Amino acid sequence: MKSYFKKYNFTLITMAPLHIGSGNFYTQKEYIYENNQYLFPDKVQLYQKIVKLGPNYQKKYEEFLLQNVGNNTPKSRLIDFLNDNKIKSRDFGGYVIQATGFETEKKGQLNQISQFVRDPYGNPYIPGSSLKGAIRTILVNEKFAEKDQDIPWGARKSEKFNDIFHEIYVSDSQPLKNEDLILTQKWDFSKEKSPRKTSPTTSLPVFRECLRPLLAVRFVIQVQTSRAAELIDSLMDYAEKFYQRYKNKFLIDFPSEYQQDNIYAPLYLGAGSGLWTKTDIDHVKIEEIGQGKLKMKGK
């Protein structure tokens, strides 16, 4: 293969709260809500501070952690434990997220909060794998949209290795800050409102750390072949075309106030963006997805 290298610097602007989960979450025993902000203490530092207060405090804290474990009864809150034991210090390390009103109507009473993915230094970031997956979806839907198009993707038996996506390297985003995060509640919208409901929206007990809207996120794409460079050179155009395909397939069924405008070259990332932003739209056999109660109905 002829040597080739090209580098692209991209800036992504978040248009809505963006959540990419780490797989971990906070319970009410692991965060403090007061003064209109959420404090997520370092668990080791918190425990060490309590141990220094004496054996009685240590015992009470350990009993507090074991309360209501494994059942559905209301969980005790860390702020209540601290107040009940007259512990005024909040010097426990960790980080703070300011309340915005988007997290819930009942501030400070979030059952679980899904954590945003972080690097080894504790900084939130967007993994390159997430960015590359979103880019691959765009290219599969637009560049390789024809029904009989053979996508050069992956190893095949008795054939020379030929993978266009292996020739595209997407970096992790530059590290972000905890100050870039907000907390948001998940809401579902149904265009076919139930007769018993007065609103098409449903709030769910799902809460997430999210990158705030209008945040600049920078990352790098490198390619090692000219054919890969051709794809990235046209990525913006492909992204705009994919948005229109997505709109015609899915968004068009919803009221206009729930349709986000196409602003330059959209890229759909993270939890909650939906099936149609993550798949080969024209080749999905919706009737074959799921069975019984899990079967998908309509779009």
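Which loop holds Asn35? Select Asn35 and look to either side: the loop runs between β3 (32–34) and β4 (37–40). The model on screen is a predicted one.

**Stop 1: two residues with positive phi**

Stay on Asn35. Its phi is near 55 degrees, a positive value in a residue other than glycine. Most residues other than glycine have a negative phi. With a relative accessibility of 66%, Asn35 counts as exposed.

Now select Lys86, in the loop between α3 (78–84) and β5 (95–98). Lys86 is not a glycine either, yet its phi is positive, at about 55 degrees. Is Lys86 buried or exposed? Its relative accessible area is 71%, so Lys86 is exposed.

**Stop 2: the pair α1 and α2**

Show helix α1 (residues 43–52) together with helix α2 (residues 55–66). Two packed helices are described by the angle between their axes and the distance between the axes. Here the axes come within 6 Å and cross at roughly 140 degrees. Roughly antiparallel would require an angle over 145 degrees, so α1 and α2 are classed as oblique to each other.

To see the contact, select Leu46, Tyr47, Ile50 and Val51 on α1, then Tyr57, Gln58, Tyr61 and Glu62 on α2. By class, the contact has 6 nonpolar, 1 polar and 1 charged residues.

**Stop 3: the nonpolar cores**

In soluble globular proteins, nonpolar side chains tend to be buried together. The largest nonpolar core in this model has 60 residues. Which residues have the most contacts inside it? Select Phe40, Ile168, Leu211 and Ile221.

Keep Ile221 and display what surrounds it. Setting aside residues up to four places away in sequence, Ile221 touches Lys6, Lys7, Tyr8 and Phe10, as well as Ile135, Ile168, Tyr169, Val170, Ile232 and Leu235. A second, separate core has 12 residues, among them Ile32, Leu39, Leu78 and Ile87.

**Stop 4: Ser173**

Go to the loop between β7 (168–170) and β8 (181–189) and select Ser173. Its relative accessible area is 6%, so Ser173 is buried. A polar atom of the Ser173 side chain lies 2.9 Å from the backbone nitrogen of Ile126. Leaving aside neighbours within four places in sequence, Ser173 is in contact with Tyr125, Ile126 and Leu131, and also with Val217, Arg218 and Phe219.

**Stop 5: Asp119**

Next select Asp119, in the loop between β6 (112–116) and α4 (128–142). At 16% relative accessibility, Asp119 falls in the buried class, for which the cut-off is under 20%.

With neighbours within four places in sequence left out, the contacts of Asp119 are Tyr125 and Pro175.

**Stop 6: Leu214**

Finish in the loop between β9 (201–211) and β10 (216–223), where Leu214 is placed. Leu214 counts as exposed, at 62% relative accessibility. Its contacts, apart from neighbours within four places in sequence, are Ile13, Thr14 and Met15. Select Leu12 as well: Leu12 and Leu214 are 202 residues apart along the chain, with 9.2 Å between their C-alpha atoms.

How values were computed:
Residues are numbered from 1 along each chain as its sequence is written. This is a predicted model: local features need pLDDT of at least 70, side-chain atom pairs count only at pLDDT 80 or more; totals for chains, interfaces and linings use all residues. Side-chain values use heavy atoms; hydrogens and water are left out. Helices (H or I, at least four residues) and strands (E, at least two) are DSSP runs, numbered from the N terminus. Buried means under 20% relative accessible area, exposed over 50%, partly exposed in between (1.4 Å probe, protein chains only). Contact means heavy atoms within 4.5 Å. A nonpolar core is a set of buried Ala, Val, Leu, Ile, Met, Phe, Trp, Tyr and Cys residues joined through side-chain atoms within 4.5 Å. Axes are lines fitted to C-alpha atoms, for helices over the stretch in contact, and angles run from 0 to 180 degrees between N-to-C directions. Angles under 35 degrees count as roughly parallel, over 145 as roughly antiparallel, 65 to 115 as roughly perpendicular and the rest as oblique. Ala, Val, Leu, Ile, Met, Phe, Trp, Tyr, Cys and Pro count as nonpolar, Asp, Glu, Lys and Arg as charged, and the others, Gly among them, as polar. A polar contact is a pair of N or O atoms within 3.5 Å; within protein, one must be able to donate a hydrogen and the other to accept it, and residues adjacent in sequence count only if both atoms are side-chain atoms.
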